[in-house]
Amino acid sequence: MSGTFVGMPAFPEAAREAVGNETLRGNLRHATHTIRAKREKAVTEVADWAELREAGKRIKDHTLRHLDRYLQQLEDSVTAAGGIVHWAADAAEANEIVTQLVKMTGESEVVKVKSMATQEIGLNEALEAEGIRAYETDLAELIVQLGKDRPSHILVPAIHRNRGEIRDIFTREMSEWGRPAPEGLTDTPAELAEAARLHLREKFLRAKVGISGANFMVAETGTLVVVESEGNGRMCLTLPETLISVVGIEKIVPTWRDLEVFLQTLPRSSTAERMNPYTSTWTGTTDGDGPSTFHLVLLDNGRTDTLADEVGRQALRCIRCSACLNVCPVYERAGGHAYGSVYPGPIGAILSPQLRGTQSEIDASLPYASSLCGACYEVCPVAIDIPEVLVHLRERVVQGGEVTREGNKVVLRPAKGHAAERAAMRAARWAFTHPAALRTGQRAASRTRRFHPRTLPGPGKAWSGSRDLPPVPAEPFRDWWQRTRGGKGGAE
Amino acid sequence: MNSRERILGRVRRALADVPRDDPPYEQAVSRDYAREHGDRSVEQTVELLAENLADYRAVVHRTDAEGLAGLVAGLLEKRGSASVLVPPGLDEGWLAATGVTRVTDRAESTPHELDRVDSVVTACAVAIAETGTIVLDGSPDQGRRRITLVPDHHICVVRVPGQVVSSVPQGLERLDPARPLTWISGPSATSDIELDRVEGVHGPRTLEVILVGDA
Ligand code: SF4
């Protein structure tokens, strides 16, 4: 994944540091609680949520189980509609393809729609190395880019920054990149947004090359879909002459009709809106309207390895709504940076170690970055059983076993005794010394009781050999308290 | 081996556990969710559209065929617009009452030219009541995607009830995936700064929707 994250400390260290940062915790807490409450409301508005969720899960599962067929169908339909399809086995190849495509246009700058896939492969840095400047145009991404920072949330990447910091970043950095911030810029959100509007408009109007990801690709029709709020996506998708979309191979749905499920569940899960302000769909190129050249780069980069794991492959159902981040007691405390990857929170804890393998210390520690409370599973619009995959990956880290890396079967050795135990225990200690996290955690723990072993597997055995792991009660104390005290006084 | 073959090969090996008789798409996907939410009369559906549009801070107006030209002229005047973009196939009558300079969108119009225009008036392809969404599909009365994006003021005319559906599934059914589609729910907005909602970062900051009764 992105070089930005190389050298990240393992999760427990990074988290400990983040937990000590009061501003970060305050911002995160406010954000996650606000979105969480709104989402709840948006979801209860639709009576058939459970059915939509089940349909979404099944569509994605079916597609993954026949991914080779759907990929080829997609390739055919995109080509028939006037697009050009490229395949990239890993990050380096994807970056190489995009760089060459940009160079062929003779341009040395591009405008970008927020895209996790291009962050994952470190595209901006790769372009930079070839003398091509990539401008992020999503407001939050702009803040992150100008602040020489990393995103910390899927949906609101600059959530760790408050308005004062944003004002300072704009005032200091905008002139480096183009139109400077207006004189006397204050820290009101409206003024900051206006400054971004002016700064970026100049770039949109002259841009010849746009780079995007996509939320969905329809195999049947070759249609790509981008869901957004600000209109920067529309700018990048329609004003440039050349559009390059870099998309993970798991983003396919079979038919046009399938969008009816995801266009209902994604906005409500994500921004808690009935519908996001803008959704764009395009099928190849359209004469006289929008880019005249369209390239689709299909990205593997660990996805086929993830697909090879029968338990873990469900992580590929993810539609990146970020609902799981906002309910996660661990994410709320630790913040997005502690996960050391572009995918933070519960989904990051299962996706990153699968995409990248669990060899590095940070990836080996990620499956422990959870209290297994199950709240992430409850909110997930495609019903990914994140706790199940976490437990599965913990086993993998501790016991080793057969995995697929870059298409080849390899046998992982068990993590070195001490290292694994240390990682696990440090993560556990961290959670246990932060009672609020644990409290929320226990709420759903009884539901996942089947995952709780009596003894720790692998090297943990020595530790649990002399200790009993406490069984999880059928009703957590917190629930009993809430029930008997009518919810009063139980809040954090 | 090229990357296409390599990736497809990896996919096939990864799916070795999937049986040959895995249920086909039609059986694998359950569709027992609702086609629409609630049981509404036609008028109620239009009313819901108006409510949800307004809830997302679009400005909603209602009129009939006779009143339309006057209303459009009035909105442009109130806004103080000096120029208005017109898609090639827009109903002539809609702008009959305004003297504002008309700018026709031409293939060679540059984004900078569009940026100097104050307002744009378009029709739409379909409107979705439950989500408060209007969808444009690039038909001649809606024009290219860029014309409803660059100017800061968009007036969109929806014929009711003919163009109104209840739900997202009903909306998709009416749309042609081969066309470039833009779904618009309220004006451009961001919540990236401390989750405070701010209207209009890049797209039009003002969206006015005119619901016109079918004659
Ligand atoms: S795992 Fe589920 S809840 Fe989390 S981002 Fe993905 S789709 Fe959303």
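This is a predicted model: local features need pLDDT of at least 70, side-chain atom pairs count only at pLDDT 80 or more; totals for chains, interfaces and linings use all residues.
Residues are numbered from 1 along each chain as its sequence is written, chains are lettered from A and ligands numbered from 1 in the order in which they are written, and side-chain values use heavy atoms, with hydrogens and water left out.

**Confidence**

- The model scores ipTM 0.96 and pTM 0.89.

**Chain A as a whole**

- Chain A holds 23 helices and 12 strands; these are DSSP runs numbered from the N terminus, with helices (H or I) of at least four residues and strands (E) of at least two.
- Take the contacts (heavy atoms within 4.5 Å) in chain A between residues at least 6 apart in sequence: 74% of them join residues at least 24 apart.

**Helix H2 of chain A**

- Helix H2 covers residues 22–44 of chain A, and its 23 residues should span 33 Å at 1.5 Å a residue; the expected span is 1.5 Å times one less than the number of residues.
- The end C-alpha atoms of H2(A) are 33 Å apart, which agrees with that expectation.
- The buried residues of H2(A) are A:Leu24, A:Asn27, A:Leu28, A:Ala31, A:Thr32, A:Ile35, A:Arg39, A:Ala42 and A:Val43.
- Their cover includes helices H1 (11–19), H3 (49–65), H12 (259–270), H14 (323–327), H15 and H18 of chain A.

**Cavities**

- Rolling a probe the size of a water molecule over the atoms shows where empty space is left.
- A search of the whole structure finds 8 cavities of 30 Å³ or more. On a 1 Å grid over the protein atoms alone, a cavity is a set of points where a 1.4 Å probe fits but cannot get out, and lining residues have an atom within 4 Å of a point.
- The largest cavity has a volume of about 110 Å³, where grid points are joined across faces, edges and corners and a volume is the space filled by probe spheres set on the points.
- Of the 14 residues lining the largest cavity, A:Cys318, A:Arg320, A:Cys321, A:Cys324 and A:Cys380 are the closest to its centre.
- That lining has 12 nonpolar, 1 polar and 1 charged residues; Ala, Val, Leu, Ile, Met, Phe, Trp, Tyr, Cys and Pro count as nonpolar, Asp, Glu, Lys and Arg as charged, and the others, Gly among them, as polar.
- The second largest cavity has about 80 Å³ of space, and among its 15 lining residues A:Cys328, A:Pro346, A:Ser370, A:Cys373 and A:Cys376 lie nearest its centre.
- Helices H15 (329–334), H18 (375–379) and H19 (386–399) of chain A each give two or more residues to the lining of the second largest cavity.
- By class, the lining of the second largest cavity divides into 12 nonpolar, 3 polar and no charged residues.

**Backbone details in chain B**

- B:Val160 and B:Pro161 are joined by a cis peptide bond, with omega about -5 degrees; B:Pro161 lies in the loop between strands E7 (153–160) and E8 (164–165) of chain B.
- B:Glu194, in the loop between strands E10 (189–190) and E11 (198–199) of chain B, has a positive phi near 50 degrees although it is not glycine.
- B:Glu194 is partly exposed, with a relative accessible area of 25%.
- B:Leu195 is found in the loop between E10 and E11 of chain B, and its phi is near 65 degrees, a positive value in a residue other than glycine.
- B:Leu195 counts as buried, at 19% relative accessibility.

Notes: On a 1 Å grid over the protein atoms alone, a cavity is a set of points where a 1.4 Å probe fits but cannot get out, and a pocket is an open set with protein on both sides within 12 Å along at least five of seven lines; lining residues have an atom within 4 Å of a point. Buried means under 20% relative accessible area, exposed over 50%, partly exposed in between (1.4 Å probe, protein chains only).
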